[in-house]
Amino acid sequence: MAKKLRMTLQTQLVLRTLLESPAQARYGLELSQAAGLPTGTIHPILARLENAGWLESFWEDRGEIERTDPPRPRRRYYRFTPGGAESARVALAGAYQGGVASAHLRPANGLGS
């Protein structure tokens, strides 16, 4: 069973960003840019979501890095666990109904129902 998390506006932004493509694995900097949050804010949120069982993470294969020019650091990817996306949808709907979400965080099609 997934843990209940405090739904800060930053956490809601991260969850909504992940829910745009719930099956897709995304790395921290990509999520940071898409959510409009600094990486120093994103990574603790991702760690809390992973500790709660909503996300899982894995490191990029070294072979992927060797094919980049110029070489870059290995990326850590995050994706929803099997029940994580549903937990995120429920939490976002609850945050919206509870008045925690701001106007730009209102549930989009299918997220709040």
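This is a predicted model: local features need pLDDT of at least 70, side-chain atom pairs count only at pLDDT 80 or more; totals for chains, interfaces and linings use all residues.
**Entry 1: α1 and α5.** I started with helix α1 (residues 9–19) and helix α5 (residues 84–97), whose axes come within 10 Å and cross at roughly 135°. I noted that α1 and α5 are therefore oblique to each other. The crossing of α1 past α5 is left-handed. I then listed who touches whom: Q12, L15, R16 and L19 belong to α1, while A85, A88, R89, L92 and A95 belong to α5. Sorted by type, the residues of this α1–α5 contact are six nonpolar, one polar and two charged.

Entry 2: The mean pLDDT of the protein chain is 85, and 82% of its residues reach 70 or more. Where does pLDDT stay under 50? I found that stretch at residues 102–113, for which the model has 18 contacts beyond four places in sequence.

**Entry 3: α1 and α2.** Back to α1, this time with α2 as its partner. I read an angle of about 110° for this pair, with the axes 9 Å apart. That angle makes α1 roughly perpendicular to α2. On the α1 side I wrote down L13, T17 and L18, and on the α2 side L31, A34 and A35. The residues of the contact of α1 with α2 come out as five nonpolar, one polar and no charged.

**Entry 4: α2 and α3.** Next I followed helix α2 (residues 28–35) to helix α3 (residues 39–51). Their axes lie 9 Å apart, and the two helices pack at an angle of about 115°. So I put α2 down as roughly perpendicular to α3. Is the crossing of α2 and α3 left-handed or right-handed? I have it as right-handed. From α2, the residues G28, L29, L31, S32 and A35 meet T39, I42, H43 and L46 of α3. I divided the residues of this α2–α3 contact into five nonpolar, four polar and no charged.

**Entry 5: the strands.** What is the order of its three strands? The sheet is open, runs β1-β3-β2, and has antiparallel pairing. At the edges stand β1 (26–27) and β2 (55–59), each with a single partner strand, so one side of each is left without a neighbour in the sheet.

**Entry 6: pairs across the sheet.** I counted bridges next. Strand β3 (residues 76–80) is joined to β1 by two bridges, and these strands run antiparallel. How many bridges pair β2 and β3? Five bridges do, again in the antiparallel sense. Then I picked out Y77 in β3: Y27 stands opposite Y77, and F58 stands opposite Y77 as well. I marked Y77 on my sketch as a handy place to begin when tracing the strands.

How values were computed. Residues are numbered from 1 along each chain as its sequence is written. Side-chain values use heavy atoms; hydrogens and water are left out. Axes are lines fitted to C-alpha atoms, for helices over the stretch in contact, and angles run from 0 to 180 degrees between N-to-C directions. Helices (H or I, at least four residues) and strands (E, at least two) are DSSP runs, numbered from the N terminus. Angles under 35 degrees count as roughly parallel, over 145 as roughly antiparallel, 65 to 115 as roughly perpendicular and the rest as oblique. A crossing is left-handed if the near helix is turned anticlockwise from the far one by less than a right angle, and right-handed if clockwise. Contact means heavy atoms within 4.5 Å. Ala, Val, Leu, Ile, Met, Phe, Trp, Tyr, Cys and Pro count as nonpolar, Asp, Glu, Lys and Arg as charged, and the others, Gly among them, as polar. Two strands pair if DSSP finds at least two bridges between them. pLDDT is the predictor's confidence in each residue, from 0 to 100.
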